[in-house]
Amino acid sequence: TLFRSWEHYGEIVERVGSHLIRTGGQPLRVIASDTGVSVEQVKKALCVLVHHNLVTYRAHKRGFVEYEALAGRVLRLLRYPRYIYCAKTLYGDAGELVVEELLQNGKMAMTAVVRKVADRLTETMEDGRVMEYSEVADTFVRLVETHFVQKCAIVPETPAGGEGAPVPPTPILVTDEKEMYTVPKLNLVGRGKRRRSSDDDSEQRPKRLKQAPAEPEPLLDGGIYWQVNLQRFHQHFRDQAIVGAIGSKLDQTSSEIVRAMLRMSEITTSSTSPHTQPLSSNEIFRALPTGYNISKQVLDQYLSLLADDPMEFVGKNR
């Protein structure tokens, strides 16, 4: 199953990736020698694998660069359909396609994602309607604000050690956690475009021969790239399982209370933390869905019931 996960990246990428899974970290020329693939082709395969976060690299103490496959990340390829479906249920068709494009391409600039998704949505729209870039951009921003999409690490403009310092054998990527979920303001104006049908192509061909080839629209992102935050999806799946378990064991009201607590903490608590941030009953009461008619007194009774339950889904902060 692990080796089949590479298949849609092509034969050479699959061969290089599978080899690294079996052998562990290896330098470039050893990979080429062991797999029977040329050094240039191995370089291209490693570029694909690194771009998709399936292989990492590090400088060996002897001075060469060593490449290593991330087996856990490779297994996540099998969950890609679930991530995409989750994005669709939370953010609609635009959210689905944003996540799909990022997963298929590894890392992309926001401008490129918005244009591609707008084009794809426009293809499916009827009566001559088109998708505005701004609508897709709004969905992209919501995915970032809820941490399902995050900014990629970058190479700093000033190298470590300052100007004149020796160039390291591998680029040193840095992540600014404060900026990881901040979307720069981009003036994305435009609409999705439909591909011409084959009939249109045949009619327009003589005219097209006289025209210069269309240049791709420039990107406005200033070198900022984005990727899917898989850990955030796993956190969402975990929270869904908790809410479902409480609903089955207790009742719907209990599950809605816990759902509200989890939502309040979903972007302020680490996905690996064993518990959420402490929440007061007043905060929980204000966070309950609009129209959920229970009094503050009833909420406090439910919280006491949840805290006393032997399953310990909710605990008191002492």
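A: His52, Arg73, Tyr80, Leu102, Leu103, Gly106, Gln227 and Val228 line the largest cavity. A cavity is a set of points on a 1 Å grid over the protein atoms alone where a 1.4 Å probe fits but cannot get out, and lining residues have an atom within 4 Å of a point. This is a predicted model, where local features need pLDDT of at least 70, side-chain atom pairs count only at pLDDT 80 or more, and totals for chains, interfaces and linings use all residues. Residues are numbered from 1 along each chain as its sequence is written, and side-chain values use heavy atoms, with hydrogens and water left out.

The elements that give two or more residues to this cavity lining are α5 and β5 (226–228). Helices (H or I, at least four residues) and strands (E, at least two) are DSSP runs, numbered from the N terminus. α5 gives the most, with three residues. By class, the cavity lining has four nonpolar, three polar and one charged residues. Here Ala, Val, Leu, Ile, Met, Phe, Trp, Tyr, Cys and Pro count as nonpolar, Asp, Glu, Lys and Arg as charged, and the others, Gly among them, as polar.

The largest cavity holds about 40 Å³ of space. A volume is the space filled by probe spheres set on the grid points, which are joined across faces, edges and corners. The structure has one cavity of 30 Å³ or more.

Helix α5 (residues 80–105) also packs with α9, at an angle of about 160° and with axes 13 Å apart. Axes are lines fitted to C-alpha atoms, for helices over the stretch in contact, and angles run from 0 to 180 degrees between N-to-C directions. The two helices, α5 and α9, are therefore roughly antiparallel (an angle over 145 degrees).

α9 (230–249) leads on to the largest pocket, supplying at least two residues of its lining. A pocket is an open set of points with protein on both sides within 12 Å along at least five of seven lines. The largest pocket holds about 780 Å³. Its lining has 31 residues, with Met261, Thr276, Phe313, Val314 and Gly315 nearest the centre. That lining divides into 12 nonpolar, 13 polar and six charged residues.

The second largest pocket holds about 620 Å³. It is lined by 25 residues, and Val50, Asn53, Tyr57, Lys107 and Leu173 lie nearest its centre. The largest share, five residues, comes from α3. Domain 1 (3–75) and domain 2 (78–156 + 170–192 + 221–227) both give lining residues, so the second largest pocket lies between them. Domain bounds come from an automatic or database domain assignment.

How values were computed. Angles under 35 degrees count as roughly parallel, over 145 as roughly antiparallel, 65 to 115 as roughly perpendicular and the rest as oblique.
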